[in-house]
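Please load the model in a viewer and keep the sequence panel open.

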Amino acid sequence: MQITPNNAGLGARVEGIDLAQPLAPEGFRTLLRALGQYGVLCFPRQDLDAPQLSAFGSRFGELEVNVANLFHAPGHPEVMILSNRRDAEGRPTGLNDAGQGWHTDMSYSAEIALANALHAKEVPMRDGRPLGSTQFRNMHAAYDDLPAEVVQRLEGRVAIHDFEKFWDVMRMRPGSIRKPLTPEQRAKKPPVPQPIFRLHPITGRRILYCNPGYAMRIKGLEEAESTALLEYLFRHQAQEKYLYSHDWTPGDLLMWDNIGTVHNAVADYGPEEPRSILRVQVMATLDYAALAA
Ligand code: OGA
Ligand code: MN
């Protein structure tokens with residue numbers, strides 16, 4: 001296995017491994033450490049079906065079944081289908097707008113997510129260039145650069161994160177196929193508090209864990225102060241120097257750290273430019289510090 005970091009401070013390519021095969025303990029440990037260190041791992045030229053992707057993801061922790069769970073692989077509710085393709089009757093075959101806005105998956109859940117693994121089957125192209133890139137920002141670096149005064153003001157504070165925030169923003173977009181959340185869905189994902197700073201379970205370093213997709217307000221502060229501080233954090237983390245943008249190639253399996261990064265799907269392709277991806281979400285259910293040691 002060769003791991004080649006890119007020069008963006010985030011992201012590495014991992015070659016010489018077939019993820020359709022079971023992962024040996026040593027390989028697992030190497031990948032876990034690389035995930036913490038580089039944040040986004042691209043495994044090019046992979047060919048996994050839904051059960052194989054599920055098996056790979058579940059080595060790292062329990063897989064989440066999405067609360068809305070609109071589209072998934074047959075017999076595999078944990079393998080979500082992201083796609084803008086429609087079937088012969090014109091019905092959507094996948095979620096066509098996943099992640100279009102900066103966010104962190106599962107920050108709205110009391111139990112947070114370690115990672116996502118997305119496996120690209122179809123990538124839209126125009127004029128020889130891939131569209132529908134996925135962008136990431138480095139929240140280890142964003143924390144390290146915070147002014148001491150801001151860290152002090154936010155030390156020990158939690159922000160309230162709400163699944164419905166992002167869902168409703170997406171719903172308001174023209175052509176959205178998302179419906180309002182049902183009371184049952186809402187009850188499954190009530191707003192939750194999350195520490196604004198936390199220790200990354202793999203690297204042991206502090207990170208900024210607060211994303212504009214789900215964070216609503218800072219608990220215990222006046223509304224105006226909460227809003228001003230959140231806006232500050234979102235502007236701070238949006239600096240160009242933290243950005244890495246992944247341009248997809250079909251066959252890529254992209255695994256990213258969902259604790260130490262925020263991400264955004266770029267919606268620059270049209271309905272006639274197919275993009276199809278299989279996805280699993282890995283919850284942070286294992287003792288990663290021990291596993292990476
Ligand atoms: C996700 C997500 C990004 C993409 O699956 O969590 O944000 O580019 N997707 O599809
Ligand atoms: Mn996402």
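Begin with Thr134 and ligand 1: in this predicted model, a polar atom of the Thr134 side chain stands 2.6 Å from an oxygen atom of the ligand. Next, select Arg279, whose side chain places a polar atom 2.7 Å from an oxygen of ligand 1. Then turn to Asn116, where an N or O atom of the side chain is 3.0 Å from a ligand oxygen.

Display the surface of ligand 1 at this point. Taken alone, the ligand exposes 290 Å², and the protein buries 99% of that area. The space that ligand 1 takes is the second largest cavity.

Now colour the secondary structure. Which elements give two or more residues to the shell around ligand 1? They are β6 (113-122) and β17 (261-265).

Select the whole shell next. It comprises 13 residues, and the closest are Asp105, Thr134, His263, Arg275 and Arg279. Coloured by class, the shell shows 5 nonpolar, 5 polar and 3 charged residues.

Finally, select residues 9-280, the range that an unreviewed UniProt entry annotates as "domain: TauD/TfdA-like". Over this range the chain is 24% helix and 27% strand. A distance drawn between the C-alpha atoms at its two ends reads 25 Å.

Methods:
Residues are numbered from 1 along each chain as its sequence is written. Chains are lettered from A and ligands numbered from 1 in the order in which they are written. This is a predicted model: local features need pLDDT of at least 70, side-chain atom pairs count only at pLDDT 80 or more; totals for chains, interfaces and linings use all residues. Side-chain values use heavy atoms; hydrogens and water are left out. A residue is near a molecule or strand if one of its heavy atoms lies within 4 Å of it. A polar contact is a pair of N or O atoms within 3.5 Å; within protein, one must be able to donate a hydrogen and the other to accept it, and residues adjacent in sequence count only if both atoms are side-chain atoms. Accessible areas come from the Shrake-Rupley method with a 1.4 Å probe; for residues, only the protein chains shown count as cover. On a 1 Å grid over the protein atoms alone, a cavity is a set of points where a 1.4 Å probe fits but cannot get out, and a pocket is an open set with protein on both sides within 12 Å along at least five of seven lines; lining residues have an atom within 4 Å of a point. A molecule sits in a cavity or pocket if more than half of its atoms lie within 2 Å of its grid points. Helices (H or I, at least four residues) and strands (E, at least two) are DSSP runs, numbered from the N terminus. Ala, Val, Leu, Ile, Met, Phe, Trp, Tyr, Cys and Pro count as nonpolar, Asp, Glu, Lys and Arg as charged, and the others, Gly among them, as polar. UniProt positions are given in the numbering used here, feature names are shortened, and annotations may be inferred rather than shown by experiment.
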